[in-house]
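Visitor: I have a chain to look at, and I am new to this. Please walk me through it by question and answer.

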Amino acid sequence: MSRGRDAQIWDVDGNCYIDYVMSYGPLLFGHAPGFVTKAIKAAAENGSVFGAPTVAEVEIAELVTRMVPSVEMIRFVNSGSEATTSAVRLARGATGRRKIIKCAGCFHGSVDSLLVEAGSGVATLGVPGTAGVSPALAAETIVVEYNDVRQLEQAFVLHGHDVAAFIIEPVAANMGLVPPVPGYLEAARELTLRHGAILIFDEVISGFRMSAGGAQELLGVRPDLTCFGKIIGGGVPCGAYGGKRDLMEQLAPVGPVYQAGTLSGNPLAMNAGLVVLKEIERQGQSLYAHLDALGQRLEDGLVSQFANANVNVQIQRIGSILTPFFTSNPVLNYNDAKSCDSSRFRTFFHGLLDNGIYIAPSQYEGWFISTAHTEETIDQTIETVGRVLKAQ
């Protein structure tokens, strides 16, 4: 790709696409919004990094703690992966325990101990999901099925004395969009409290996209720690993790858990993120109502086009994120997602790409809508989907 503007993106050959990747989520206001590029330019003119705090870092910290009530203190890092790595280390340091529970299909960044795929049941410890990960690290990770309370309960029965944390995407968005079933997150909150483990919400994707307070505000469950990325940096590389004061004060220099980064909290990311979060706060609920209306318009149109083409599909959506799964059954977990017709998805993806619609080249990703998308953009997309399906 060579450039982006609003809801469109251009490749190096000059082809233009309506973009639903939006860099996998951070571009809530579309490509190159004027107020963000202005903030980045102004920050760059004063120096790109100092290795020391700036006013913008303090201001964005105050803003996040105001918008997300579970976050009493926050520390900035450079990516979502760095945020989850640090949160897991903090949980282990605070509890003195070793093991982490995660859900199959929930991606938490390039973290060795979390790059683990599901085994054959809850009692099975993890095996590496990629080359280069030590089996000893993977063995500290217990994998359960998303949306399965029974498996989570069994994991705590078997390993609860040594579980430092349960890390989860409160709304799964890395197996395609899969919402939690009613009661699942509430059960996770109760089980972690009962067993003295830390509940970590990975809101790298859902944070500030599903509501100003993230998925936890939308769904009414408060974690102990939250990981952020994407929108929090306004399109510039950035991550953060935060939570209860007593936990965050376990971090050095106050506590014994070390974490640092030279580029963390750099002025470019802090100023970009600050103006984006201020705009979210300024628009308030009307922002999310508008995005939800666009999402509903796209969902309704896709449902109609797939029905007209007699193609089995499940469209799962929350607000401005949706995923069409090529299956006739609801998708509740990673096994369900893996059972979808990936061959049909590939054909669909290339058909859209050839007709000027850019979606992620994976069944396991969401479509992201921004405020730069319009009703006309959505309607053009729906019409194109109809033509692509008819041609196939």
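Guide: Start with a definition: a disulfide is a pair of cysteine sulfur atoms within 2.5 Å. The model is predicted, so local features need pLDDT of at least 70, side-chain atom pairs count only at pLDDT 80 or more, and totals for chains, interfaces and linings use all residues. Residues are numbered from 1 along each chain as its sequence is written, and side-chain values use heavy atoms, with hydrogens and water left out.

Visitor: How many disulfides does the structure hold?
Guide: A disulfide is a covalent bond between the sulfur atoms of two cysteines. C106 is in none, and its nearest cysteine sulfur, that of C103, is 4.8 Å away. The disulfide count for the structure is zero.

Visitor: Is G132 buried or exposed?
Guide: Find G132 in the loop between β7 (127–128) and α4 (135–138). Helices (H or I, at least four residues) and strands (E, at least two) are DSSP runs, numbered from the N terminus. The relative accessible area of G132 is 75%, so G132 is exposed.

Visitor: What separates the C-alpha atoms of G132 and D112?
Guide: Count along the chain, and G132 and D112 are 20 residues apart.

Visitor: How do α10 and α13 lie, roughly parallel or roughly antiparallel?
Guide: Two packed helices are described by the angle between their axes and the distance between the axes. Axes are lines fitted to C-alpha atoms, for helices over the stretch in contact, and angles run from 0 to 180 degrees between N-to-C directions. For α10 (residues 285–308) and α13 (residues 375–391), the axes are 9 Å apart and the angle is about 15 degrees. Angles under 35 degrees count as roughly parallel, over 145 as roughly antiparallel, 65 to 115 as roughly perpendicular and the rest as oblique, so α10 and α13 are roughly parallel.

Visitor: And α1 and α9, roughly parallel or roughly antiparallel?
Guide: Helix α1 covers residues 34–45 and helix α9 covers residues 267–283. Their axes come within 8 Å and cross at roughly 150 degrees. The pair α1 and α9 is therefore roughly antiparallel.

Visitor: Which residues of α1 meet α9?
Guide: Contact means heavy atoms within 4.5 Å. On the α9 side, the partners include P267, L268 and N271. On the α1 side they are F35, V36, A39, I40, A43 and A44.

Visitor: Which peptide bond is cis?
Guide: Look in the loop between α8 (245–248) and α9, where P253 is found. Omega there is about 15 degrees, and the cis bond joins A252 and P253.

Visitor: Is M22 buried or exposed?
Guide: M22 is found in the loop between β3 (16–19) and α1. Its phi is near 45 degrees, positive in a residue other than glycine. With a relative accessible area of 0%, M22 is buried.

Visitor: What is the phi of Y24?
Guide: Y24 also sits in the loop between β3 and α1. Y24 counts as partly exposed, at 31% relative accessibility. Y24 is not a glycine, yet its phi is positive, about 60 degrees.

How values were computed:
Buried < 20%, exposed > 50% of the residue type's maximum accessible area, 1.4 Å probe, protein only.
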